[in-house]
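Trainee: Could you walk me through this model before I start on my own notes?

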Amino acid sequence: MSYLGVGVSPGNVPVYHGTNVKLIDKRVRVAELVLRCLICGLGVLAAVLVATDSQVKEIFSIRKKARFTDMKALVFLVVANGIAAAYSFVQVLRCVVSMVRGNVLFSKPLAWAIFSGDQVMAYMTVAAVAASAQSAAISKLGLPELQWMKVCNMYGKFCNQVGEGVASAVVVSLSMVALSCISAFSLFRLYGGGNNGKSSARW
């Protein structure tokens, strides 16, 4: 069976599969666009929620202000989601131009660049979520072995808003992982051999 949509049945009767291939291509492109828009929006939301979060607490006439900069994991989370949102915005523009024109050349170097970028963003966002989730768990539950207190008992509002930001970041990281799979599919289909690469190079 040929990837171009023309196959040969056991009875040597030509069979056409072009419609299915085009339908799959369209669905993949739409899924990619939706995921990138989701990452762009939620990435900004996560960064804003965490970066603007603060709470002042007075302890024995001493005023202490909790900010995201007090925890390096939260700083990493803000930076990672900001970068992921900016990267996704650029990719959204590329996807829109590709869908509007319909025949934008998709070369192998460009495919490798997108694949590599998506992989880096996926690893970075997952690492940021893992680090911030661990810090959030310690803040919420404390660590009796080291006599670390439950910070969220004193800074409840601060912890709740950080939790919302981390939840948004989790969706961003999962979406980036899904996108890295899509970009891998888009890249490796160019190496199908013969005319496969030519037919795939149009998106």
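This is a predicted model: local features need pLDDT of at least 70, side-chain atom pairs count only at pLDDT 80 or more; totals for chains, interfaces and linings use all residues.

Trainee: Okay, which residues is Phe158 in contact with, leaving aside its neighbours within four places in sequence?

Mentor: With those neighbours set aside, Phe158 is in contact with Asp53, Ser54, Gln55, Ala66, Arg67, Phe68 and Leu74. Together with Leu77, Phe158 also touches the most other members of the largest nonpolar core, a set of 31 residues; such a core consists of buried Ala, Val, Leu, Ile, Met, Phe, Trp, Tyr and Cys residues joined through side-chain atoms within 4.5 Å.

Trainee: And which elements give two or more residues to this core?

Mentor: They are helix H1 (18-51), H2, helix H3 (108-141) and helix H4 (156-188), and H4 gives the most, with 9 residues. Helices (H or I, at least four residues) and strands (E, at least two) are DSSP runs here, numbered from the N terminus. Another core, of 5 residues, lies apart from the largest one and has Ala111, Phe115, Ala184 and Leu190 among its members.

Trainee: Stepping back, how many helices and strands are there in the chain?

Mentor: The chain has 5 helices and 4 strands, which follow the pattern β-β-α-β-β-α-α-α-α when read along the sequence. Of the contacts with a separation of 6 or more, 74% are between residues 24 or more positions apart, and buried residues make up 39% of the 203 residues.

Trainee: New topic: which residues are linked in a network of salt bridges?

Mentor: Glu32, Arg36, Arg94 and Asp118 are, where a salt bridge is a side-chain nitrogen of Lys or Arg within 4 Å of a carboxyl oxygen of Asp or Glu. Within helix H1, Glu32 and Arg36 are 4 residues apart, about one turn of the helix, and their closest N and O atoms are 3.1 Å apart. Glu32 also forms a salt bridge with Arg94, at 2.6 Å between the closest N and O atoms, and this pair links helix H1 to helix H2 across 62 residues. Finally, Arg36 pairs with Asp118 at 2.8 Å, joining helix H1 to helix H3, 82 residues apart.

Trainee: Is Asp118 buried or exposed?

Mentor: Asp118 is buried, because its relative accessible area is 0%, and buried means under 20%, exposed over 50% and partly exposed in between (1.4 Å probe, protein chains only). Arg36 is likewise buried at 0%, and Glu32 is buried at 7%, whereas Arg94 is partly exposed at 22%.

Trainee: What about the rings: which residues do ring pairs link into a cluster?

Mentor: Trp112, Phe115 and Phe188 form that cluster; rings of Phe, Tyr and Trp (its six-membered ring) pair if their centres lie within 6.5 Å, with planes under 30 degrees apart counted as stacked, over 60 as edge-to-face and the rest as tilted. Trp112 and Phe115 are edge-to-face, at 5.8 Å centre to centre and 80 degrees between the planes, and they lie 3 residues apart in helix H3. Phe115 is buried at 15% relative accessibility, while Trp112, at 37%, counts as partly exposed. The centres of the Trp112 and Phe188 rings are 6.2 Å apart with their planes at 85 degrees, so this pair is edge-to-face, and the pair links helix H3 to helix H4 across 76 residues.

Methods. Residues are numbered from 1 along each chain as its sequence is written. Side-chain values use heavy atoms; hydrogens and water are left out. Contact means heavy atoms within 4.5 Å.
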